[in-house]
Amino acid sequence: MKVLVIYYSTYGNTYKMAKLVAEGVREVKEAEPVIRTVPELIPQSVIESREDMKAGRDMQKDIPLVTLDDFKEAGAIAFGTPTRFGNVSSQLKNQIDQLSSLWLAGELESKPAGVFTSTASLHGGQETTILTLAAPLLHLGMIIVGVPYSVKELFSTQSGGSPYGPGHVAGQDNKREIDQQEAVICRSLGRRLAEIGLLLQRK
Ligand SMILES: Cc1cc2nc3c(=O)[nH]c(=O)nc-3n(C[C@H](O)[C@H](O)[C@H](O)COP(=O)(O)O)c2cc1C
């Protein structure tokens, strides 16, 4: 079963989280991750003028853009976005807003979905972003999956991650590395999506 890990990332933090979520998927026999990104909406001239944005773009240059078939073929989907004013990035939302044909055909109904996000600051809105993105996913008929407290790192994290989903605090310069607790929470979402997706497929 394929688990689609679809994300947007300007500076690379959400991309690194996507790779960790994919690692969790790989821990489950019969599941394989498919990492995909979405079209950039920031003008090229702006990206070219910023070393940090160029570095973020370059590290993702080999990641294919998602297609509607990727959504159709997936047994479960993880959505990753940087937090923008406590909300989902326009780049990821733009892609979700192009899912009408799948929505009308009921293609995504009953597929498990989870959300992960990266913020600059500790209380910058990880939970609001994840819960806000849950709304369109519910419209699409997906089953929202979070991270349960049996993942002990939820108790010990001093930065990102909550029952709503994995989070990373990247810092104001976007350079803070994903720490051990954040990484475990990322992997746990991937594993859980794969396990639940397989269970639902067997029904
Ligand atoms: C327009 C804009 C809005 C942002 N809003 C928030 C915010 O509400 N809370 C926060 O902590 N960080 C905010 N940030 C910082 C990003 O969330 C941060 O850069 C992100 O974690 C980087 O992820 P990436 O490396 O995947 O691009 C904002 C950044 C931009 C450009």
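This is a short tour of a predicted model, stop by stop.

**Whole chain.** Start with the protein chain in cartoon view. Nine helices and six strands make up its secondary structure. Its radius of gyration is 16 Å, close to the 17 Å from the globule rule for 203 residues, so the chain is as compact as a globular protein of that length. Along the principal axes, the C-alpha atoms fill a box of roughly 50 × 40 × 30 Å. Of the 203 residues, 44% count as buried. Now think about contacts between residues with a separation of 6 or more: 79% of them join residues 24 or more positions apart.

**The ligand.** Select the ligand and the residues around it. The shell holds 20 residues. Next, colour helix 1 (13–26) and strand 4 (112–119); each supplies at least two residues of the shell. Then colour the shell by residue type. Five of its residues are nonpolar, 14 are polar and one is charged.

**S110.** Move to the loop between helix 6 (100–104) and strand 4, where S110 is found. Check its backbone: phi is near 70 degrees, a positive value in a residue other than glycine. Is S110 buried or exposed? S110 counts as exposed, because it has 10 C-beta neighbours inside 10 Å, and the cut-off for exposed is 12 or fewer.

**N174.** Finish in the loop between strand 6 (167–169) and helix 9 (180–202), and select N174. Here phi is near 65 degrees, again positive in a residue other than glycine. N174 has 18 C-beta neighbours inside 10 Å, so N174 counts as partly exposed.

Notes
Residues numbered from 1 in each chain as written. Predicted model: local features only at pLDDT ≥ 70, side-chain atom pairs only at ≥ 80, totals over all residues. Near = placed C-beta within 6 Å. Helix = DSSP H or I, 4+ residues; strand = E, 2+ residues; numbered from the N terminus. Nonpolar A, V, L, I, M, F, W, Y, C, P; charged D, E, K, R; others polar. Buried ≥ 20, exposed ≤ 12 C-beta atoms within 10 Å, placed from the backbone. Rg over C-alpha atoms; globule rule 2.2 N^0.38 Å. Contact = placed C-beta atoms within 7 Å.
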